[in-house]
Amino acid sequence: MAIIDQAPLDAGKLEQFVFRAVDEVGATLNAALVVMGDRLGLYRALAGAGALTAGELARRTGTSERYVREWLNAQAAGGYVEYHPEGRYSLAPEQAVALTDPDSPAFLPGFFEIALGSVLDSPRITDAVRSGDGVGWHEHNEHVHDGCERFFRPGYNANLVDAWLPALDGVVDRLQRGARVADVGCGHGASTILMAGAFPNSTFVGSDCHAGSIETARRRADEAGVADRVRFEAAPAAAYTGDGYDLVTMFDCLHDMGDPVGAGRHVRSTLAADGTWMIVEPAAGDRLEDNLNPIGRAYYGFSTLLCTPASLSQDVGLALGAQAGPARIAEVVTEAGFARFRRTAETPFNHVYEARP
């Protein structure tokens, strides 16, 4: 039986905490509601349509009016749609961009989808916490796999070609002339395909330990018209094929690896003598206190439910965590045999590092 401190309670603080918890429960439920609205096309039908009734929105989307009305009321209560007293609802332009434009860096549905998938798998993670076992990426549901790409892709679209690659020493010139690139931990291939589209003279090999993601990446490359210069393979980070690469990239995946030092050593062995290792990691400070903020909270949550279990499911199981921070990443890179390491770019969500032999 838990022992509760008998010190006098501050009723106001208790009430404040309880109502904060009520808000948190609403936010948790809203993750499922946002994914629902995205999948059913409710946000897209509202965007630019003015103020609609629940019936009008239901007819436009082929859905049930009674469900749609309840969904709209929940969205209005949370500030995700605007309610008009005559029983109509609308989507402000800013909300429309964030909820319907997949090319915008502010696009949110993927963020909600990976969160929903993480929550759905939480009973398995709870068991793993008891046992100390890991849970591999391949063991998660489709919301995790699809949401991960949809969350990260807008940021890559906004930053990779225009800001992150130019921040690396001499890399863009080599890509324009024709370079050999390995994109390790490529998932569905969003980063690989984006680079291949921007640099048609270069060739790219995307690799990932999850075979299902590689199948999706191959299909996406065909659809994007870059299959002539992109090859995808299912392989762990320490065993992808090829050598003499001018550039090796890792996007938001180094901290998920069981043996990031071993992966780094493999990168070192496959790089050209003057090659570059580009590492993109979640934005984090070196101290816990640096990360006690809304972004850190989200990343620590994902790290508990996804990143740490993934690392613990692999050999070594170093479990860096999604908020490892630049000093810890530097230690990994140095131990892997790289002489030069620097942070070259950053966004509110990511830090970009350059490692050179």
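The structure is a predicted model.

Seen in order, its 7 strands run S5-S4-S3-S6-S7-S9-S8. The sheet is open, and its pairing is mixed. At its edges stand strand S5, residues 230-234, and strand S8, residues 340-346, each of which pairs on one side only. On average, and with direction ignored, neighbouring strands of this sheet are turned by 20° against each other.

Strand S9 can be followed through its two partners. On one side, S9 (residues 350-356) pairs with strand S7 (residues 271-282) in the antiparallel sense over 6 bridges. Within this pairing, Glu-281 has His-351 of S9 as its bridge partner. The pairing of S9 with S8 is likewise antiparallel and comprises 6 bridges. Here Arg-343 is placed opposite Tyr-353 of S9. S8 and S9 together make a hairpin, with 3 residues between the two strands.

How are the residues of S9 covered? The strand is mostly covered, with 7 of its 7 residues buried. The directions of its residues follow a simple pattern, because in a regular strand the side chains alternate between the two faces of the sheet. In S9, Asn-350, Val-352, Glu-354 and Arg-356 point one way, whereas His-351, Tyr-353 and Ala-355 point the other way. The residues of both groups are buried.

Helix H12, formed by residues 260-270, lies across strand S6 (245-251) and S7. Relative to S7, the helix runs at about 145°.

Leu-9, Leu-14, Val-18, Phe-19 and Val-22 make a nonpolar surface patch of about 520 Å². One of these residues, Val-22, lies in helix H1, which spans residues 11-40. Is Val-22 buried or exposed? Val-22 counts as exposed because its relative accessible area is 51%, and the term applies to values over 50%. The residues of S9, by contrast, are buried, a term that stands for values under 20%.

Notes: Residues are numbered from 1 along each chain as its sequence is written. This is a predicted model: local features need pLDDT of at least 70, side-chain atom pairs count only at pLDDT 80 or more; totals for chains, interfaces and linings use all residues. Side-chain values use heavy atoms; hydrogens and water are left out. Two strands pair if DSSP finds at least two bridges between them. Helices (H or I, at least four residues) and strands (E, at least two) are DSSP runs, numbered from the N terminus. Axes are lines fitted to C-alpha atoms, for helices over the stretch in contact, and angles run from 0 to 180 degrees between N-to-C directions. Contact means heavy atoms within 4.5 Å. Patches are made of residues with over 30% relative accessible area and no salt bridge: like charges are joined within 9 Å, nonpolar side chains (Val, Leu, Ile, Met, Phe, Trp, Tyr) within 5 Å. Accessible areas come from the Shrake-Rupley method with a 1.4 Å probe; for residues, only the protein chains shown count as cover. A salt bridge is a side-chain nitrogen of Lys or Arg within 4 Å of a carboxyl oxygen of Asp or Glu. Buried means under 20% relative accessible area, exposed over 50%, partly exposed in between (1.4 Å probe, protein chains only).
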